[in-house]
Amino acid sequence: MKNRIILALYTFSIRLSDIFLFIASHFDDKIKKMVTGRKESLKFFKNHKEINNQSKNVWFHCASLGEFEQGRPLIEKLKMMHPDIKVFLSFFSPSGYEVRKEYPFADFVFYLPSDLPENAESIIASIKPQWVVFVKYEFWWNTLRCLHKNRTPVFLVSGLFRQNQYFFNPFLSPFKDILAGFYKIFTQDVASSEILEENGILNSIAVGDTRIDRVAELSKTSAVSTRLKEYVRGKKVIIYGSVWDSDMQVISDFMNTSGHYIHIIAPHDIKADNLTRLKKYLPENTALYSHEIWLSNILIINNIGLLNQLYSIADIAYIGGGFHTGIHNILEPAVFEIPVVFGPKYHKFREAVDLIELGVAYSVVTKAEFEETVISTLDNQAKLNETSHKLRHYFERNRGATDKILKCLEIQLFNP
């Protein structure tokens with residue numbers, strides 16, 4: 001009885017959130033995209049009750065772009081090895097869907113409608129997936145119940161668990177029971193698997209982070225333009241990746257007073273109003289990447305798609321988001337064996353904790369801490385060499401999660 005009540009309350013909360021989102025969609029463009037997109041997804045699946053029963057269909061679900069990058073190595077390798085399978089890719093957030101709706105390795109990309117039993121049944125009946133992969137923190141309890149009920153194998157990849165997560169509370173045991181229904185949970189670290197075992201969930205295995213495989217592959221093909229190489233020639237270079245306004249409040253004074261370094265800023269948002277806001281922190285002659293001539297030692301990248309390549313010319317990187325909701329991807333710069341600096345909101349990111357413990361990444365809170373960290377690192381070649389050495393071994397030691405997971409997925413695909 002208790003289980004039924006808790007799950008009914010959960011479903012009721014989802015219905016309430018649908019009402020809230022509908023109202024909010026009249027005032028917020030991002031929410032409007034999500035509400036409209038969810039409606040279109042439902043309409044599609046209701047009109048396509050059996051999409052393609054002749055193919056093997058698999059379904060990946062990611063919350064947003066960060067989780068997509070963790071699922072991406074699996075999707076691309078799977079699709080390259082088995083081009084005949086159909087990949088369905090769903091997102092919760094407009095930040096993920098709007099950027100990746102044309103992703104070429106997926107046959108169909110869609111917003112996942114709200115987690116109501118009737119929605120889940122409609123989607124599952126239409127796709128009829130061989131298996132489903134959820135990435136990291138995505139627990140859609142009604143959807144999971146429907147999949148378990150249909151005996152569809154469900155996997156969680158890049159999982160991270162903490163003892164204080166709500167589903168380990170004895171009162172909320174129905175959620176833990178659903179978690180135990182995963183066919184296999186692939187965690188990023190041993191600690192997460194140990195927490196699951198302590199709670200009676202024995203279907204996990206620690207394999208590491210798939211993003212390590214992804215950034216390692218990307219680093220082999222990274223190259224910047226001749227123009228950028230000439231711009232930074234003979235100078236120490238600091239790349240500021242995915243920077244927010246809250247980051248600029250801490251890092252901009254250093255940019256303005258250290259003219260002997262090259263500072264290249266890649267904002268998280270390159271819309272005109274955000275660039276105007278960022279430029280208020282910087283000198284008037286600050287260059288934009290789109291300018292014909294760059295006369296300043298500070299350059300703002302005002303197009304997308306360059307950031308991965310920029311890290312290849314950096315001596316140190318600052319990664320934004322740590323003064324907002326959480327840091328962006330620090331593995332992308334770290335794979336180039338350079339030290340990484342970020343703000344204080346990093347504790348939910350396993351790789352950030354690892355790299356700080358390794359002595360190759362630094363969290364700062366104040367302007368003074370940031371300046372001292374950058375100067376003391378850049379002016380110490382022995383420290384830079386040691387960082388390079390440690391990071392090279394870190395990536396060598398932690399590669400391979402993608403292949404370990406794929407092996408299990410392939411068995412379920414061809415020998416269920």
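Seven strands, written here as 7 strands, form an open sheet with parallel pairing. The order is β3-β2-β1-β4-β5-β6-β7. Strands are DSSP runs of E with at least two residues, helices are runs of H or I with at least four, and both are numbered from the N terminus. Two strands pair if DSSP finds at least two bridges between them. β3 (108-111) and β7 (204-206) each have a single partner strand, so one side of each lacks a neighbour in the sheet. From one strand to the next, the twist averages 20 degrees. Angles run from 0 to 180 degrees between N-to-C directions, and axes are lines fitted to C-alpha atoms, for helices over the stretch in contact. The model is predicted: local features need pLDDT of at least 70, side-chain atom pairs count only at pLDDT 80 or more, and totals for chains, interfaces and linings use all residues. Residues are numbered from 1 along each chain as its sequence is written, and side-chain values use heavy atoms, leaving out hydrogens and water.

Strands β4 (residues 131-135) and β5 (residues 154-159) run parallel, joined by 4 bridges. Val133 stands opposite Phe155 in β5.

Helices α15 (residues 350-358) and α17 (residues 381-398) pack at about 140 degrees, with axes 11 Å apart. Glu351, Asp354, Leu355 and Leu358 in α15 meet Lys390, Leu391 and Tyr394 in α17. Contact means heavy atoms within 4.5 Å.
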